[in-house]
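Q: Hey, can you walk me through this one? I'm new to it.
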Amino acid sequence: MLYKNYNTADTRDLITAGGQVGGKISKVLIANSSANPAGVTLFLIDPTVSPSVSYNFIRGVVIPPGVTLVFDECLAFDYTKYSLRLTNSGTSPNLTVMIK
């Protein structure tokens with residue numbers, strides 16, 4: 001399992017293309033520990049293509065405070081080619097991401 005905490009509104013790689021962690025995942029849990037709603041986009045991107053093209057799993061989903069989103073559909077991907085990224089937005093975001 002992979003665990004990550006995010007407390008800034010930005011976009012980050014959860015799994016980097018060609019990295020050590022593979023793309024054969026079965027579940028992503030995103031917990032919002034902030035007192036504010038968080039806007040979340042989970043997507044794949046090919047970092048070698050310009051301009052970049054993204055493939056969204058979820059886009060602009062609002063996670064209320066104290067709620068955990070569980071995403072477990074169609075998550076396997078070619079990690080040698082694609083990065084799995086998360087965009088986190090909202091006021092004072094505080095997300096915990098767990099990948100299984």
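Q: Is Asp-10 buried, partly exposed or exposed?
A: Asp-10 counts as partly exposed, because its relative accessibility is 26%. Buried means under 20% relative accessible area and exposed over 50%, with partly exposed in between (1.4 Å probe, protein chains only). One heads-up: this is a predicted model, where local features need pLDDT of at least 70, side-chain atom pairs count only at pLDDT 80 or more, and totals for chains, interfaces and linings use all residues. Residues are numbered from 1 along each chain as its sequence is written, and side-chain values use heavy atoms, with hydrogens and water left out.

Q: Okay, what does Asp-10 form a salt bridge with?
A: With Arg-12; the closest N and O atoms of Asp-10 and Arg-12 are 3.0 Å apart. A salt bridge here is a side-chain nitrogen of Lys or Arg within 4 Å of a carboxyl oxygen of Asp or Glu. Arg-12 is partly exposed too, at 30% relative accessibility.

Q: How many salt bridges are there by this rule?
A: Two. Asp-13 forms one with Arg-85, and there the closest N and O atoms are 2.4 Å apart. That pair links distant parts of the chain: Asp-13 is in strand S2 (residues 11-15) and Arg-85 in strand S7 (residues 83-89), 72 residues apart. Strands are DSSP runs (E, at least two residues), numbered from the N terminus.

Q: And how accessible is Asp-13?
A: Asp-13 has 23% relative accessibility, so it counts as partly exposed. Arg-85, at 22%, counts as partly exposed as well.

Q: Switching topic: what's the strand order in the open sheet of four strands?
A: S1-S8-S3-S6, with antiparallel pairing. Two strands pair if DSSP finds at least two bridges between them.

Q: Which strands stand at the edges?
A: Strand S1 (2-6) and strand S6 (68-71) do; each has a single partner strand, so one side of each is left without a neighbour in the sheet.

Q: How many bridges join S3 to S6?
A: Four bridges join strand S3 (residues 28-32) to S6, and the two run antiparallel. Leu-29 stands opposite Val-70 in S6.

Q: Last topic, then: how many cavities of 30 Å³ or more?
A: One. A cavity is a set of points on a 1 Å grid over the protein atoms alone where a 1.4 Å probe fits but cannot get out, and lining residues have an atom within 4 Å of a point.

Q: What lines the largest cavity?
A: Tyr-6, Asp-10, Arg-12, Leu-86 and Asn-88 do.

Key. 1 Å grid on protein atoms, 1.4 Å probe; cavity = no way out; pocket = protein on both sides within 12 Å on 5 of 7 lines; lining within 4 Å. Points joined across faces, edges and corners; volume = space filled by probe spheres on them.
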